[in-house]
Amino acid sequence: MKTFFDLIQEVQKPGLCHRCGGCVTFCNALNYGALDLDSDGKPYYSNIEKCIECGLCHAICPEIDELDEETKRRSAWSEPMGRVIETTVARASSEQTRERATDGGVITALLMHLFDRGRIDAAIVARQVGPFARRPFLASSKEDILDAAGFYFDTSHGPKSLSDHYKTYSSIQAFDPLIKKGFERVALVGTPCQIQSVRRMQTMGLIPSNSIRLCLGLFCSGNFVFTEKEQKFLADLGGFDWNDVKRINIKEKFQIHLTSGEVRQLDVDALDPIRRYACRYCPDYSAEFADISFGGVGAEEGWTTVISRTPNGRAALADAMEAGAIASFNRDEKPGYASDALETVHQKSVKKRKKAIEERKKLGGVNVKVAM
């Protein structure tokens with residue numbers, strides 16, 4: 001049985017760890033406590049003596065192919081970019097939500113609607129802890145969701161907050177935090193690697209993944225390191241001062257919105273020097289295993305491209321639209337708009353997968369798998 005030690009050799013040392021947090025989430029949720037995340041979001045042995053060598057942390061890693069086929073079947077995954085039931089271009093109906101959120105604010109509006117309907121008890125999101133830095137957060141109210149809205153540029157260190165709040169779940173203790181707080185129905189907003197990790201846990205029936213009722217995936221060009229050095233690199237590249245930045249966004253281009261109203265645009269490929277090393281090996285652009293995938297690519301400014309991938313995801317989105325929380329574009333005014341948006345996402349997906357394959361070939365005999 002392989003263990004976290006093997007993950008260090010096979011995934012961390014070659015630089016393939018995406019820091020999705022899945023291994024730490026599972027270990028802490030069972031109250032083993034052998035693993036933790038360092039200040040940079042990398043998993044490590046915090047107490048090796050507590051490791052029972054179950055091997056499950058190894059199996060659920062997105063970089064390990066042990067559960068690939070089972071996860072694909074469970075998610076009804078299909079070529080070329082995962083299951084696609086329906087695509088639309090939409091935005092939050094509330095102007096307040098749109099002002100706070102990225103693109104059209106669809107995720108924010110959907111989560112608040114799910115709270116209104118009583119469909120979820122909490123949502124794993126990322127909230128701001130600095131000008132352009134965010135960390136995982138378990139939101140338990142609509143107010144929490146709205147406060148967390150917006151684009152974050154640095155990596156979010158995975159869904160570790162799930163294990164913090166679900167620690168001892170299903171243990172022999174009489175009063176575990178999950179039951180006491182009533183958080184049995186949770187929505188997860190995450191990047192493709194985070195979604196894949198959760199899906200692998202669900203494939204194996206591992207806690208706390210059974211509490212995740214809805215996976216909302218983000219289109220992902222990669223996570224970025226954003227220290228003072230990288231901030232200077234980006235400011236020099238774009239010719240702007242961070243004091244003049246109102247917000248940033250990634251669509252077809254990397255966009256820097258200035259307080260003057262000007263928008264500076266950079267080619268996303270130009271950000272490679274500040275992209276996390278492991279991201280160059282990730283082939284999943286559109287969160288192919290999510291219930292619903294979201295992103296600004298293919299949509300006009302202020303709108304979001306939305307891909308429903310499962311019946312559960314499509315039903316949640318349809319209910320929010322019927323209730324008026326989310327508005328779709330006028331199909332009569334722009335026939336084929338959604339199809340064009342999907343094609344743009346498809347092109348981005350093909351490009352990222354092709355690049356990941358090329359990068360993995362350079363690794364030689366070290367973990368050359370192309371995930372999913």
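Student: Is Lys142 buried or partly exposed?
Tutor: Lys142 is partly exposed, with a relative accessible area of 32%. Here buried means under 20% relative accessible area, exposed over 50%, and partly exposed in between (1.4 Å probe, protein chains only). This is a predicted model, where local features need pLDDT of at least 70, side-chain atom pairs count only at pLDDT 80 or more, and totals for chains, interfaces and linings use all residues. Residues are numbered from 1 along each chain as its sequence is written, and side-chain values use heavy atoms, leaving out hydrogens and water.

Student: Which residue forms a salt bridge with Lys142?
Tutor: That is Asp116, with the closest N and O atoms 3.2 Å apart. A salt bridge is a side-chain nitrogen of Lys or Arg within 4 Å of a carboxyl oxygen of Asp or Glu.

Student: And is Asp116 buried or exposed?
Tutor: Asp116 is exposed, at 52% relative accessible area.

Student: How many salt bridges does the count come to?
Tutor: The count is 18 by this rule. One of them joins the side chains of Lys362 and Glu359, at 3.4 Å from N to O.

Student: Is Glu359 buried or exposed?
Tutor: Glu359 counts as buried, at 14% relative accessibility, whereas Lys362 is exposed at 63%.

Student: What does Glu359 touch, leaving out residues up to four places away in sequence?
Tutor: Glu359 touches Arg280 and Tyr281, where a contact means heavy atoms within 4.5 Å. Glu359 and Arg280 are 79 residues apart in sequence, but their C-alpha atoms are 6.9 Å apart in space.
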